[in-house]
Amino acid sequence: MNSWINLNALWKIIVVGLLAGAGLPALFAIGVRALNPPSPTGGAGGRPAAGPLGYTVAGVCFAVLLAAIGWGIFIIVNHG
């Protein structure tokens, strides 16, 4: 292996990049989708409500997102 490549740091960068780059937007999408469930097919009427499960799932997703944002700001401020 090349001595210029630090494999220990490389795998950490890949994992954090995957989590922050794909995981957090996916989590946000799940939260938004939980608040706006799909309408039943063939049904007439208005939009269906999210319900308690939808609000719970959305709340957990958004709480995780806020925690990740806060953690990111904490890391930036402490290492800057």
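**Close-up views of a predicted helical model**

View 1. Trp-4 is exposed, its relative accessible area being 76%, where exposed means over 50%, buried under 20% and partly exposed in between, with a 1.4 Å probe and protein chains only. This residue is placed in the segment before H1, helices being DSSP runs of H or I with at least four residues, numbered from the N terminus. Together with Ile-5, Leu-7, Leu-10, Ile-14 and Leu-18, Trp-4 makes a nonpolar surface patch of about 670 Å². Such patches are made of residues with over 30% relative accessible area and no salt bridge, nonpolar side chains (Val, Leu, Ile, Met, Phe, Trp, Tyr) being joined within 5 Å; accessible areas come from the Shrake-Rupley method with a 1.4 Å probe, and for residues only the protein chains shown count as cover. A salt bridge is a side-chain nitrogen of Lys or Arg within 4 Å of a carboxyl oxygen of Asp or Glu.

The model is predicted, so that local features need pLDDT of at least 70 and side-chain atom pairs count only at pLDDT 80 or more, whereas totals for chains, interfaces and linings use all residues. Residues are numbered from 1 along each chain as its sequence is written, and side-chain values use heavy atoms, with hydrogens and water left out.

View 2. At the start of H1, a side-chain oxygen of Asn-6 comes to within 3.2 Å of the backbone nitrogen of Asn-8. The helix has 29 residues (residues 7–35) and should span 42 Å at 1.5 Å a residue, which agrees with the 41 Å between its end C-alpha atoms; the expected span is 1.5 Å times one less than the number of residues. At Gly-23, H1 bends by about 35°, and Pro-25 follows within four residues, the bend being the angle between axes fitted to the seven residues ending there and the seven starting there.

**View 3. Ala-29 in H1.** Ala-29 lies in helix H1 and counts as partly exposed, at 43% relative accessibility. Its C-alpha atom is 19 Å from that of Arg-47, a residue 18 positions away in sequence.

Note on methods:
Helix = DSSP H or I, 4+ residues; strand = E, 2+ residues; numbered from the N terminus. Polar contact = N/O pair within 3.5 Å; in protein donor to acceptor, adjacent residues only side chain to side chain. Patch = residues over 30% accessible without salt bridge, like charges linked within 9 Å, V, L, I, M, F, W, Y side chains within 5 Å.
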